[in-house]
Amino acid sequence: MEPGGGGGPGLLIVNNKQRSAGLGLTPPTGGKGREPNRNQRKDSEGYSESPDFEFEYADTDKWAAELSELYSYTEGPEFQLNRKCFEEDFRLHVLDKKWIELDTNQHRTHAMRLLDGLEVTAREKRLRVARAILYVAQGTFAECSSETEVQSWMRYNVFLLLEVGTFNALVELLNMEIDNSAACSSAVRKPAISLADSTDLRVLLNIMYLIVETVRQECEGDKPEWKTIRQTFRAELGAPLYNNEPFSVMLFGMVTKFCSGHAPHFPMKKVLLLLWKTVLCTLGGFEELQDMKAEKREMLGLPPLPEDSIKVIRNMRAASPPASASDLIEQQQKRGRREHKALIKQDNLDAFNERDPYKADDSREEEEENDDDNSLEGETFPLERDEVMPPPVQHPPTERLTCPKGLPWAPKVREKDIEMFLESSRSKFIGYTLGSDTNTVVGLPRPIHESIKTLKLHKYTSIAEIQVQMEDEYLRSPLSGGEEEVEQVPAEILYQGLLPSLPQYMIALLKILLAAAPTSKAKTDSINILADVLPEEMPTTVLQSMKLGVDVNRHKEIIVKAISAVLLLLLKHFKLNHVYQFEYMAQHLVFANCIPLILKFFNQNIMSYITAKNSISVLDYPYCVVHELPELTAESLEAGDNNQFCWRNLFSCINLLRILNKLTKWKHSRTMMLVVFKSAPILKRALKVKQAMMQLYVLKLLKVQTKYLGRQWRKSNMKTMSAIYQKVRHRLNDDWAYGNVGFDVQSSEEFSVEELKMKFLEEVFVHPVGTSFTGWDVTIVTLLSFSLSFIICFMTSTDLDARPWDFQAEECALRASIERFNSRRYDRAHSNPDFLPVDNCLQSVLGQRVELPEDFQMNYDLWLEREVFSRPICWEELLQ
């Protein structure tokens, strides 16, 4: 398959050949048209058996790929400029040797000499020294003959620079550049910002990124002292050593300053990449997170995890999507003309009468309401298979994977599920309930006993439930409960640094994500994220325009990758550290319209996005600095690389799906937002991507809303329902597959539509106790109110968790719990006076030393005259 380069606005050249190839409409050989012979026609029609994407999800891509994405192709000439600055300085001190010929002591001496050069006051001299340091961090590539040698010297040089204290000096310089008001005001006044406006910042950020990314990677040949340096660096990077806050908070401050418009020249791609790698280095990746989770469960006395989710997902097999229905009908029509109009039953055409999921965005709003589900399996209806489907592709025996018997996940049951089951059983068979008692089964039938036994066998207690119970205990007994000992782990330190401005940080990240999304339209009031990719002089030839178009799309893809990874890492680490830290961040993401933003991102030709070829491999670092570059042509730019898919785009899509799962899990109000925004057709199109992990998270999102989509949707999408059953973890007593949110028409007719609308808006905007609920984003509330025709059918729902008047109560209760947690743990200066201990000893109170302000001491006589001598004292009342 030769996938095409799908992208968003800003593409200067649109390649129709690539676009059609990305949809699988051309044979893999790259031919321009279909030949009349039968064998080639079979090859072109065999796209219904699209190959699996050999994608392995990890914290990051390969080290070389992560290094190359730091630089835009527009920055290419600066590699030689960095080399020139280094060699001019190096020849002043070393005349007859190369860098790679020096010993360790000489390397350290010259590195410290360069570090001293950063202290000069002249900006131009300081920039030249910084470029020389950047060349050292890039591996002194001019003296190397291969990419492997460049990477080897790069590791050695980075640890050398870190050992002499380069990173701390760079942080001070970065802080100075952030506060450079002259550069900010100059950039604000400029009508068009280019690469030249951020030169100083880009050089500093490049060095810091190379240090963080190189030190973070562990290799087998690392020296023992390097391991010690790595541990020390990780601890310092996560500690509040920079302006009494972690380094990540400084980078978050750059993001908000950029989005506010005060610093439009900030190179945002480099800032976000450095922020992502800093968070990853200090907090740890997904495998480390799994180990931390297992340790924390053991510390809390909980049983171990039923399985390793990372390993289970890696062993899952992707479902096979069929060819789209419109292509099948087109093939049938062409075959019918060749075979003298072979007869086709109308029933078969009706069965496959669904819209092409690979069409443009503007024709997809109302599709797949009652369509037949062909999104997961290659099997068709048994009616005249040979006339409708192309012949099946024969696979060699070696390609067949043996799937393990049984379901991949162990089922889970919450304590709340057992309580609800017992409550309904007691109400049905006995006529009364016992609250949260889950042990008494007197009077219940024998099958209910067996059901309870099965539920308790699969009971799963999460860390979050224990944390909520402990928090409730602290609030219930603030004095006798004692002081909470908060372990200062990196996630806790980072949360304390982000807490004062966390809503602004989330809004800023989502603004940039919106601007970088391929489905976003260019607007005059949107932020400019291309400041560090556009050259000073715009292209004048077609080839230069094509190169810049690839660079711009690549730039946006890398930004989406960095933001999605940062958000997911923070959500997962905060949830492990304390669930209310996670809920605080998640709620502000919801208030900032994160859910519709992610759905908007997926409302595109997702296959084209994942198979996009917005890269020029010969211009990637370190290939471009080691080999002689060939002459670029329009054909070579169109061809792109030979990869089956784009790793960063598939990584971004999975991250965004995981974020959406995190935001909506066990939150019925947010699940209803998925229903209101009609996410089911959008998510179903994402199932066309044949990658197991991505399909799993899509199916999870579909599972939570199936009972709200109605019987007709489930009937028309039985293959999707089957895939959910096979791949998604089961929650016993969950009625996702057959439950219906019904409503009583007579009850709903007691209110007029206007009364229901007023009731809904009143419930959303006013807290039940009368306090104003200001956290809701007005756009969400407006959308929900305009979707009243959809919501009214749930107003008298039999599902207690799905009633709209409980939606705002759910968010309000959660927000109140979060605010109590933050106030109790972090707001020491404004603690509640009712909970402070009272000193009842008169001598103790009078013996306390009170510090009087200086102005009071100077005017003490006036105060005595006004407050004591001139006021009559009624001694009788005082004594009484």
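Start with a helix pair. The axes of helix 24 and helix 25 (residues 579–591) come within 5 Å and cross at roughly 145°. Axes here are lines fitted to C-alpha atoms, for helices over the stretch in contact, and angles run from 0 to 180 degrees between N-to-C directions. Helices (H or I, at least four residues) and strands (E, at least two) are DSSP runs, numbered from the N terminus. Two packed helices are described by the angle between their axes and the distance between the axes.

This is a predicted model, in which local features need pLDDT of at least 70, side-chain atom pairs count only at pLDDT 80 or more, and totals for chains, interfaces and linings use all residues. Residues are numbered from 1 along each chain as its sequence is written, and side-chain values use heavy atoms, with hydrogens and water left out.

Which residues make the contact between the two helices? Helix 24 brings Leu567, Leu570, Leu571, Phe574, Lys575 and Asn577. Helix 25 answers with Val579, Gln581, Phe582, Met585, Ala586 and Leu589. Contact means heavy atoms within 4.5 Å. By class, this contact has 9 nonpolar, 2 polar and 1 charged residues. Nonpolar covers Ala, Val, Leu, Ile, Met, Phe, Trp, Tyr, Cys and Pro; charged covers Asp, Glu, Lys and Arg; the others, Gly among them, are polar.

Stay with helix 24. It has 36 residues and reaches 53 Å from its first C-alpha to its last. That is close to the expected 52 Å at 1.5 Å a residue, where the expected span is 1.5 Å times one less than the number of residues. Of its 36 residues, 31 are buried, so helix 24 is largely enclosed by the rest of the structure. Buried means under 20% relative accessible area, exposed over 50%, partly exposed in between (1.4 Å probe, protein chains only).

Now zoom out. The protein chain has 45 helices and 0 strands. Of its 880 residues, 50% count as buried. Among contacts with a separation of 6 or more, 79% come from residues 24 or more positions apart.

The largest nonpolar core has 186 residues. Such a core is a set of buried Ala, Val, Leu, Ile, Met, Phe, Trp, Tyr and Cys residues joined through side-chain atoms within 4.5 Å. Helix 24 gives the largest share of this core, 15 residues. The residues with the most contacts inside the core are Phe167, Leu174, Phe247, Ile512, Phe602 and Met694. Take Phe247: not counting residues up to four places away in sequence, it touches Phe167, Val171, Leu174, Met208, Leu237, Tyr242, Leu274 and Thr278.

Next, the charges. Side chains of opposite charge can pair when their charged atoms come close. The structure holds 40 salt bridges, each a side-chain nitrogen of Lys or Arg within 4 Å of a carboxyl oxygen of Asp or Glu. One of them joins Glu66 and Lys561 at 2.9 Å, N to O. Glu66 lies in helix 3 (residues 63–68) and Lys561 in helix 24 (residues 542–577), so the pair ties together parts that are 495 residues apart in sequence. Glu66 counts as buried at 0% relative accessibility, and Lys561 counts as buried at 0% as well.

Lys277 pairs with Glu213, with the closest N and O atoms 3.0 Å apart. Lys277 sits in helix 13 (residues 268–283) and Glu213 in helix 10 (residues 199–216), 64 residues apart. Both are buried. Arg825 and Glu492 form another salt bridge, at 3.2 Å between the closest N and O atoms. This pair links helix 41 (residues 807–826) to helix 22 (residues 490–498), 333 residues apart. Arg825 and Glu492 are both buried. Salt bridges that share partners join Glu66, Glu69, Glu213, Arg216, Lys277, Glu557, Lys561 and Arg648 into one network.

Finish with the loops. Most residues other than glycine have a negative phi, and most peptide bonds are trans. The bond from Tyr621 to Pro622 is cis, with omega near 5°. Pro622 is in the loop between helix 27 (606–610) and helix 28 (623–626). Asn243 has a positive phi of about 55°, and Asn244 one of about 60°. Asn244 lies in the loop between helix 11 and helix 12. At 72% relative accessibility, Asn244 counts as exposed.
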